[in-house]
Amino acid sequence: PLVNKPNYNEVVGINFFAPSSYDVKYQSLFPSLLYRRYFTEAVDVMGESHEKGDGVKAILNYLGLKKEDVLGFGDDIQDISMAEALPHFVCMGQGKDELKKISEYVTSPVYEDGFYKALVHYGLVKKLKIDN
């Protein structure tokens, strides 16, 4: 059932949740779309390639920020272009090995306070006294 009235903005991509056994079928049905599987049960589907790195560059330009003053975070293959666009990039501990190899710092998994630990590592927040 319809929960909210759709605003009909342009759709640039969707997340398709299905096992990889569906890939060949859907790629043959819709060959003009791009597919990027990022998890065993999930794939990004888009009409044209768009990279997070390009988005980060556009945002930095718009805000007038230097890339050296920005800290990026990610954990999967689709974050590689963002890691390559930034000199300071943190891969979460549960992240893919391909991303860990090109990251400046690898922290704990997100579910083990990885984000907080990375912020402490970079001196952006103080370590809490209750931490060991």
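Which residue in strand 3 does Asn 15 stand opposite? Select Asn 15 and look across: its counterpart in strand 3 is Asp 44. Keep in mind on this tour that the model is predicted.

**The sheet**

Now select strand 1 along with strand 3 (residues 42-46), which pair in the antiparallel sense over five bridges.

**A buried serine**

Next, pick Ser 81, in helix 3 (residues 80-85). Ser 81 counts as buried because its relative accessibility is 16%, and buried means under 20%. Leaving aside neighbours within four places in sequence, Ser 81 is in contact with Glu 51, Lys 52 and Gly 53.

**A buried valine**

Move on to Val 90, in strand 5 (residues 89-91). Is Val 90 buried or exposed? Val 90 has 0% relative accessibility, so it counts as buried. Show what surrounds it: not counting residues up to four places away in sequence, Val 90 touches several residues, among them Leu 71, Phe 73, Tyr 105 and Tyr 122.

**A loop to finish**

Lastly, select Asp 113, in the loop between strand 6 (105-106) and helix 5 (114-121). Asp 113 is not a glycine, yet it has a positive phi of about 65°. Most residues other than glycine have a negative phi.

Conventions
Residues numbered from 1 in each chain as written. Predicted model: local features only at pLDDT ≥ 70, side-chain atom pairs only at ≥ 80, totals over all residues. Heavy atoms only, no water. Helix = DSSP H or I, 4+ residues; strand = E, 2+ residues; numbered from the N terminus. Buried < 20%, exposed > 50% of the residue type's maximum accessible area, 1.4 Å probe, protein only. Contact = heavy atoms within 4.5 Å. Pairing = 2+ DSSP bridges.
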